[in-house]
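Subject: Model handover

Hi,

Here is the model for your files. My notes follow below it.

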Amino acid sequence: MKLYEYAVIYNPLPTKDQSERGEKPKSTLIVDVQRILSNNDKEAMMLAARAIPAEYTDKLDQVEIALRPF
């Protein structure tokens, strides 16, 4: 098994006002850096996806999982 680290980031879409002003909304860290043991990258990504809080399941297109082998 290999050691992996992951974090989950929420990248909100800009509002109409922000778009007009050329601003980009700030991203938010919704799951702090976690360490897991996994057999491969695919399994590690699945475990990280399970950590996404329920209130973000309807916004998965705005959620990013950062994963790296250690």
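Start with Tyr4, which stands opposite Ile36 in β2. This is a predicted model: local features need pLDDT of at least 70, side-chain atom pairs count only at pLDDT 80 or more, and totals for chains, interfaces and linings use all residues. Residues are numbered from 1 along each chain as its sequence is written, and side-chain values use heavy atoms, with hydrogens and water left out.

Strand pairing

β1 and β2 (residues 28–38) are antiparallel, with 8 bridges. β1 also runs antiparallel to β3, through 7 bridges. Ile9 has Glu64 in β3 as its bridge partner. Strands (E, at least two residues) and helices (H or I, at least four) are DSSP runs, numbered from the N terminus. Two strands pair if DSSP finds at least two bridges between them.

Met1

Met1 sits in the segment before β1 (2–10). Met1 is exposed, at 69% relative accessible area. Exposed means over 50%, buried under 20%, and partly exposed in between (1.4 Å probe, protein chains only). Beyond its neighbours within four places in sequence, Met1 contacts Leu37, Ser38 and Asn39. Contact means heavy atoms within 4.5 Å. Ala44 is 43 residues from Met1 in sequence, and 11 Å away in space, C-alpha to C-alpha.

Gln62

Gln62 is in the loop between α2 (41–50) and β3 (63–69). Gln62 counts as buried, with 12% relative accessibility. Neighbours within four places in sequence aside, Gln62 is in contact with Ile9, Tyr10, Asn11, Pro12 and Leu13.

Best regards
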